[in-house]
Amino acid sequence: MATGDSNVLDRRALNRSLLVRQMLTERVDATPAAVITRLVGMQAQAPDPPYIGLWTRLSGFAPEDLAGPVRGREAVRVALMRGTIHLVTADDCLTLRPVLAGALAQGLKGTFGRKLEGLDLAEVAELGRKLVEEEPLTLGGLGVRLAERWSGRDPSALANAVRNLTPLVQVPPRGLWGESGRAVHTTAESWLGRPLAAGVSPDSMVERYLAAFGPASVKDIQVWSGMTRIAETVRRLRPRLRSFRDENGVELLDVLNAPMPDRDLPVPVRYLPEFDNILLSHADRSRILTEEQHRLVFTRNGLIRATFLLDGFVRGIWRIEQQRKGAVLVLEPFASLTKKEREVLVQEGEDLLAFLTAPDGARSVRFD
C-alpha cells in the first residue's frame, strides 16, 4: 500500500526502484561491459548465469557478445563481494579488488583461521602467486603444490589463503558459453598486464551499489559487499546522498537523482538465472521475495535457484530438463497462477528456451 509520505518507501516502491536500476522493466540497448559495470559485477559462481542475466536485460544479446570479452581479457571472473566469484570488467577487477582486500582477508580468517594458525600468510601468498604465474592452476592443484612446502597443512586451506590474499582470476575456457573447463587460476596482474589500482577507498563502490540496488540501508550495503565499518564510509558520503525510511523506520540511503519510478509501473515477466545478485544484495529482501519464498529459493547447500518474476516479485523457480529429442522449461510456481500469467510465462519462456537450447531440438514449457 502507499504510505502517503513521500519520504517513506513501501515494499512496492522499493521493488520498482530496484527493477528499473537492474534493467528489468525493459530490455536495454547497451554492451555487456556497460551492463556489468552498471551492476557492479554479476554473480558468477557457475559459468552460465551471467549469460542468462544479460539475456534477460539486453536487447538482442547473443552468447558471443560476452564470450568475446572474456576471451579478450576485457572481462574476468574473480573473487570479490562476499568472497564469491563475480564477473566484472578488467577495470573493475583492478579497482574493486583492493577495496575488498580487508574483507577477503577477514573472511579467510573466519573460515580457515585454525588450519592456518602459525603460518606466515604473506609467504604463502607469495609462493602461491609465483606458482600460478608460472602455470595457471586449479585451487586443488595449487593446494597440492603448496603442501609440498608446508607438509602436514590442509591443502585446501593453503590454496584459499592464496585466493583470498592474492587477486586470482579464472582463465578461459572457464566462463565461455557452451565450453567446459575447470576453474584454473592465475593472478589478475599477470592476466591483464596491469597492476591493481592504488590509493582506492570504498566510497565510489558504495555509491555505485546504491545506484544499482538502492535505496538501501547500511546493513544492506554490508550484506552486499561483505565489508564491515560501512557506517564510516556513509558518514563521508552523506553530503552526496539522500535519505528515506522504509515502513519499519529503517533509514535507506540513495544517490542523488537516482530514478524513483511510479510504484504502480507495469513490469514484464522476467526469468532470472541462478545466483542473480538481485536476490543476494540486501539484508531485507522483502522488496523482491518473502521469507517463505527465500527458504524455497536458497538451498541448504548454498545454491540460489533460478527464479521468475511476475509483477516484479519472485513467484516461482525454473529449470531446464534435457530430453532425448529436445528440452523442457519446467516452471514451479509458489502459488496458483491466472490464465494470463501462465500465457506470459510461456511466451517469455519460449524465448528463453530458444536462447538456451539448440535450434533443431523440440522445446516445450511445463508447469509442475
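Modeller: Let me start with the naming of elements: helices (H or I, at least four residues) and strands (E, at least two) are DSSP runs, numbered from the N terminus. Residues are numbered from 1 along each chain as its sequence is written. This is a predicted model, in which local features need pLDDT of at least 70 and side-chain atom pairs count only at pLDDT 80 or more, while totals for chains, interfaces and linings use all residues, and side-chain values use heavy atoms, with hydrogens and water left out.

Colleague: Which element gives the most to the lining of the largest pocket, and what makes a residue part of a lining?

Modeller: Strand 11 gives the most, with four residues. On a 1 Å grid over the protein atoms alone, a pocket is an open set of points where a 1.4 Å probe fits, with protein on both sides within 12 Å along at least five of seven lines, and lining residues have an atom within 4 Å of a point. The largest pocket has a volume of about 290 Å³, a volume being the space filled by probe spheres set on the points, which are joined across faces, edges and corners. Of its 14 lining residues, the closest to the centre are Asp48, Ile52, Trp318, Ile320 and Leu356.

Colleague: Why are helix 11 and helix 12 called roughly perpendicular?

Modeller: Their axes, which are lines fitted to C-alpha atoms over the stretch in contact, with angles running from 0 to 180 degrees between N-to-C directions, cross at roughly 100 degrees and come within 11 Å. Angles under 35 degrees count as roughly parallel, over 145 as roughly antiparallel, 65 to 115 as roughly perpendicular and the rest as oblique, and helix 11 and helix 12 are therefore roughly perpendicular to each other.

Colleague: What makes helix 11 roughly perpendicular to helix 13?

Modeller: The axes of helix 11 and helix 13 come within 10 Å and cross at roughly 85 degrees, which makes these two helices roughly perpendicular. The contact (heavy atoms within 4.5 Å) is made by Asp203, Val206 and Glu207 of helix 11 and Ile230, Thr233, Arg236 and Leu237 of helix 13.

Colleague: How do you know whether Gly128 is buried or exposed?

Modeller: Gly128, in helix 7, has a relative accessible area of 0%. Buried means under 20%, exposed over 50% and partly exposed in between, with a 1.4 Å probe and protein chains only, so Gly128 is buried. Leaving aside neighbours within four places in sequence, Gly128 is in contact with Leu142, Leu146 and Val162.
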